[in-house]
Amino acid sequence: MTLDPITLTVIQNGLQQVCDEMDLAFSRAAFSPIIAEADDRSDGIYAAEDGALIAQGAGGLPVFVGTMQYSTRVLIERIAEGLTAAPEPGDMYCVNDPYLGGTHLMDVRFARPVYRNGEIFCWLSNTGHWPDIGGSVPGGFSASATAVEQEGLRLPPVKLFKRGQMDQEIFQIICSNIRVADQRIGDIKAQAAALDLGEERLCAMLDRYGDDTVQAAIAELRSRAATQMRTLIQEIPDGDYQSVAWVDSDGVVNEPLAIRLNIAKAGDHMTFDFAGSSPPCQGPMNSVLATTLSSVYLAVRHLFPEAPISAGAFEPLTVIRPEGTFLDAQYPRPVSGCAAEVSQRIAEAVFAALVEALPHRATAAPAGTSGNFALGGNDPTSGRSYVMYQLTGGGYGGSEDGDGLSNGCSTIGISKAQPVEILEQNYPILFRRYALHEGSGGAGEFRGGFGLDYEVELRRGDARASFVMDHGRFGPQGAAGGQDGGPNKITVWRDGVAHVPDHLSKEQDIPLKAGDRVRVQTPGGGGYGDPKARSADAVREDVRLGRYTAAEAATLFGYVEP
């Protein structure tokens, strides 16, 4: 079937609109601030045959692009092998098993088949970050877990909804294994409602244009995405490009982990080889294969943002399976840090390898941490237990086009920090400080952006704090002569005494009582170019605004006060 360009474009945007509406419905209906306010979720459409990505919401997390595709394919395979019950109209599967195409256990995926004329036309799937999934610490971010069972409840694909009705027995199993279970029903129904809406909108489009026409458009869009990506890749000179990115520690052994990358570019194809990276680690900084693949895909998308979000765009990219490294986690390796932290180090390795080959596209390293801070306790005023999950932004790297963005979202997503007012309203905390992390932008002709500096006080009751962050030992890498960005810093005041975690950016189960405070200063982006080449006016303005002290500016940029 031959499609005219207008029809093809209309259908492409229609598929995108279906996903965008699912995203919006999910966030608007969710109870948890991490979904309702921070948009830590994603929705997409996937092929019936192999789970290949057809479309994903523009407001969804990029790291879920590859993992949801992988997860849908595994679900289809398990159904074919009889390992998972066969679908019926109205069914909805729930799964969070990281080894079956996931990230960490807190990212729970729903999948629903869309039937047309008695056959599965496609799958709709979404992922939402649940504030708690059980495990040894509130929020699931166990900094010192040595097995996945310590991180929470692990679910293979199970039918949570059967012919449109929730299976109460499975729901009770979930509720019996997580904290603050009474609040999860709101998120579960929101997640399911998003897929209900997606099916309604998709079927309306199919009714309008015809199943065959839409199916032909999907095939054509995938082919064109592959062609466009191949064309973009040809901007890179042929050759091998290497880099190394470092993870602070695994949370258990206080030694850095290396991500070593070689990118072989030939013609219109790139091969990514992580051979020589650190072996599997004891702590939770292992990455499952699906997350490793997705991290490469999202990094390339950062470099070539005009490429469509489609499985076709991944076809010119080959990632050699990193067997024997911490980037190919096998059961029972703990993985709570893979999605939010290791994924960003993988992306950073891609940026660092290609920054000289693509100076007009690549930047110095961004902050590269989601700033995962979980706080769990009981509020004596309400008599209710709570689990607060806070994520934060950081500085972006400088580039040949200008300074990096300050307090931008993480590399792997476009989730935003929940508003301070919402967090104070929902939890017994008070923000004492919320400002830029001054001095954290890496020096360069174009400096890195600045991280965030916030301080939270526990107002009442007792609580436990846990952190799984990164870039506390090493700041984000500078490029083209630029300096590294400022590192992540955590300080906890208990009874007025300051405590800095031994692993700098990772620790769990820190007991807090009313009046205790937590201060987090997130990383700044790496600088780009020789700092001494920065214009005097730009340095003077940074000093005037308090971004650097005059002494820092003199050391970093050779600034002389007027």
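Biologist: Which strands does helix α1 lie across, and how do I read its angle?
Modeller: Helices (H or I, at least four residues) and strands (E, at least two) are DSSP runs numbered from the N terminus. Contact means heavy atoms within 4.5 Å. For angles, axes are lines fitted to C-alpha atoms, for helices over the stretch in contact, and values run from 0 to 180 degrees between N-to-C directions. Here, helix α1 (residues 5–29) lies across β1 (41–47), β2 and β5 (119–129), at about 145° to β1. Helix α5 (residues 184–209) also packs on the sheet, where its contacts are β1, β3, β4, β5, β6 (158–162) and β7. The direction of α5 makes about 30° with that of β4.

Biologist: Before we go on, what kind of model is this?
Modeller: This is a predicted model, in which local features need pLDDT of at least 70 and side-chain atom pairs count only at pLDDT 80 or more, while totals for chains, interfaces and linings use all residues. Residues are numbered from 1 along each chain as its sequence is written, and side-chain values use heavy atoms, with hydrogens and water left out.

Biologist: What is the order of the strands in the open sheet of 7?
Modeller: Two strands pair if DSSP finds at least two bridges between them. In this sheet the order is β2-β1-β5-β4-β3-β6-β7, and the pairing is antiparallel. At the edges stand β2 (53–56) and β7 (165–166); each has a single partner strand, so one side of each has no neighbour in the sheet. Inside, β3 (residues 92–95) and β4 (residues 107–116) run antiparallel and are joined by 3 bridges. Across that pair, valine 95 stands opposite arginine 109 in β4.

Biologist: What is the strand order in the open sheet of 4 strands?
Modeller: Read that order as β8-β9-β10-β11, with mixed pairing. The edge strands are β8 (239–247) and β11 (317–319), each with a single partner, so one side of each is left without a neighbour in the sheet. From one strand to the next, the twist averages 20°.

Biologist: Which strands does helix α7 lie across?
Modeller: Helix α7 (residues 289–303) lies across β10 and β11, running at about 145° to β11. Helix α8 packs on the sheet as well, touching β8, β9 and β10, and makes about 145° with the direction of β8.

Biologist: How many residues are in the largest nonpolar core?
Modeller: In soluble globular proteins, nonpolar side chains tend to be buried together. A nonpolar core is a set of buried Ala, Val, Leu, Ile, Met, Phe, Trp, Tyr and Cys residues joined through side-chain atoms within 4.5 Å. Buried means under 20% relative accessible area, exposed over 50%, and partly exposed in between (1.4 Å probe, protein chains only). The largest core here has 132 residues, and those with the most contacts inside it are Leu15, Phe110, Leu160, Ile259 and Phe272. Helix α8 (residues 338–354) gives the most to this core, 10 residues. A second, separate core has 23 residues, including Phe373 and Ile510.

Biologist: How many disulfides does the structure have?
Modeller: A disulfide is a pair of cysteine sulfur atoms within 2.5 Å. A search of the whole structure finds 0. Take cysteine 94: the nearest cysteine sulfur, that of cysteine 175, is 11 Å away. Cysteine 94 counts as buried, at 0% relative accessibility.

Biologist: How many salt bridges does the structure hold?
Modeller: A salt bridge is a side-chain nitrogen of Lys or Arg within 4 Å of a carboxyl oxygen of Asp or Glu. This structure holds 41. In one of them, the side chains of glutamate 306 and arginine 361 meet at 2.7 Å, N to O. Glutamate 306 lies in the loop between α7 and β11, and arginine 361 in the loop between α8 and β12 (372–379), so the pair ties together parts 55 residues apart in sequence.

Biologist: What is the distance between the closest N and O atoms of arginine 460 and aspartate 379?
Modeller: In that salt bridge, those atoms are 2.6 Å apart. Arginine 460 sits in the loop between β15 (451–458) and β16 (462–468) and aspartate 379 in strand β12, so parts 81 residues apart in sequence are tied together. Arginine 460 is partly exposed, at 25% relative accessible area, whereas aspartate 379 is buried, at 8%.
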